[in-house]
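Subject: Structure for your review

Dear colleague,

Please find below the structure that I am handing over to you. My findings follow directly after it, and I would be grateful if you read them with the model open.

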Amino acid sequence: MNAIPNRRAVLLGALAAGLATPALARTPAKNIVLVHGAWADGSCWNEVIPSLQAKGFNVTAVQNPLTSLADDVAATRRVLARQDGPTVLVGHSWGGVPITEAGVDPKVTALVYVAARAPDAGEDFNALAATYPTMPVRAGVVTTDGYSWLTQDAFVRFFAGDVEPARALALFATQQPIAANLFAGKTTVAAWREKPSFYAVSANDQTTNPDLERFLAKRMKATTIELPSSHVSMISHPKAIVDLIIRAAG
């Protein structure tokens with residue numbers, strides 16, 4: 001006789017604590033797949049990986065070729081295929097685009113965007129971004145032979161502006177040039193329209209306009225946090241990003 005009232009009390013208590021109903025219904029994920037963005041590689045997640053592993057998660061960082069959207073989506077799908085159950089898919093910066101496309105995979109239970117692009121299906125994201133003021137890092141983009149990269153000054157001052165200088169220089173040394181036309185790629189689906197989504201806004205971002213990030217988070221009705229961070233919050237604020245990923249894992 002008391003089972004139904006007790007269950008109701010538990011559900012009401014959870015909702016009062018701020019947990020959304022979809023989170024209650026999801027199967028907890030034990031796998032985390034991390035997708036890096038432009039001018040970076042998988043090592044940009046090194047500050048969050050050990051903490052997630054210590055919590056018992058199986059963590060894999062995708063190594064995007066950054067040669068085209070199709071190539072990056074394929075790289076993400078290859079990693080997803082290796083996961084053995086529910087998976088949280090996390091994207092930083094440009095990495096938000098391949099997770100938006102690949103995130104429809106049935107293994108993916110939630111999406112986490114870290115200062116990330118989150119286009120709608122078929123959307124010209126460059127046109128959307130152009131409606132917001134251009135950020136300082138763009139002046140440091142250099143293009144040769146069809147590939148682009150950031151100058152050291154732009155990388156250290158703007159891309160990783162709140163990272164300890166020696167660490168920022170190490171990140172600069174491992175930056176991966178991108179195909180000059182990479183950002184022109186358009187997704188065919190928007191996984192955030194059907195999957196629970198989470199967003200970490202970087203309030204001090206000098207690479208992606210913070211107001212654009214706020215717009216994207218609001219559009220997808222994401223569970224959102226805002227950090228006093230540069231573009232690379234997973235490096236300067238790793239605990240907050242780990243906590244958000246764990247929350248997304250249910």
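A115 lies in the loop between β4 and α6. The phi angle of A115 is near 45 degrees, a positive value in a residue other than glycine. Is A115 buried or exposed? Its relative accessibility is 1%, and because buried means under 20% relative accessible area, A115 counts as buried. Please bear in mind throughout that this is a predicted model.

S93 is found in the loop between β3 and α5 (96-102). Its phi is near 55 degrees, again a positive value in a residue other than glycine. With a relative accessible area of 10%, S93 is buried.

For the overall picture, the secondary structure of the protein comes to eleven helices and nine strands. The protein has 250 residues, and buried residues make up 49% of them. Among contacts between residues at least 6 apart in sequence, 70% join residues at least 24 apart.

The main sheet

In what order do the six strands of the open sheet lie? The order is β2-β1-β3-β4-β8-β9, and the pairing is parallel. At the edges are β2 (58-62) and β9 (223-227), each of which pairs on one side only. From one strand to the next, the twist averages 15 degrees. As a general point, strands of a sheet pair through backbone hydrogen bonds, either parallel or antiparallel.

Strand β4 (residues 108-114) pairs with strand β8 (residues 197-202) in the parallel sense, over four bridges. The bridge partner of L111 in β8 is S197.

Helices also pack on the sheet. Helix α9 (residues 210-219) touches β8 and β9, and its direction makes about 165 degrees with that of β8. Helix α11 (residues 238-249) packs on the sheet as well, touching β1 (31-35), β3 (87-92), β4, β8 and β9. The direction of α11 makes about 165 degrees with that of β8.

The hairpin

Strand β5 (residues 141-144) and β6 pair in the antiparallel sense over four bridges. Together, β5 and β6 form a hairpin with two residues between them. In the turn, D145 has a positive phi of about 55 degrees. Across the pair, V142 stands opposite W149 in β6.

S148 is found in strand β6 (residues 147-150). Its relative accessible area is 4%, so S148 is buried. Which residues does S148 touch, not counting those up to four places away in sequence? They are W39, V141, V142, T143, P177, I178 and A180.

The pocket and the cavities

About 310 Å³ of space lies in the largest pocket. This pocket is lined by 21 residues, of which R117, A129, R138, T207 and L212 lie nearest its centre. By class, the lining of the largest pocket divides into twelve nonpolar, seven polar and two charged residues. Helices α6 (125-129) and α9 each supply at least two residues of this lining. The largest share, three residues, comes from α6.

How many cavities of 30 Å³ or more are counted? The count comes to two.

The largest cavity holds about 60 Å³ of space. Its lining consists of W39, A40, D41, S43, C44, H92, F155, F159, L171, T174, V232 and I235. Eight of these lining residues are nonpolar, three are polar and one is charged.

The second largest cavity has a volume of about 40 Å³. It is lined by W94, V97, R117, P119, E123, F125, F183, G185, K186 and T187. By class, these are five nonpolar, two polar and three charged residues.

Yours sincerely

Definitions and conventions
Residues numbered from 1 in each chain as written. Predicted model: local features only at pLDDT ≥ 70, side-chain atom pairs only at ≥ 80, totals over all residues. Heavy atoms only, no water. Pairing = 2+ DSSP bridges. Axes fitted to C-alpha atoms, helices over the stretch in contact; angles between N-to-C directions. Contact = heavy atoms within 4.5 Å. Buried < 20%, exposed > 50% of the residue type's maximum accessible area, 1.4 Å probe, protein only. 1 Å grid on protein atoms, 1.4 Å probe; cavity = no way out; pocket = protein on both sides within 12 Å on 5 of 7 lines; lining within 4 Å. Points joined across faces, edges and corners; volume = space filled by probe spheres on them. Nonpolar A, V, L, I, M, F, W, Y, C, P; charged D, E, K, R; others polar.
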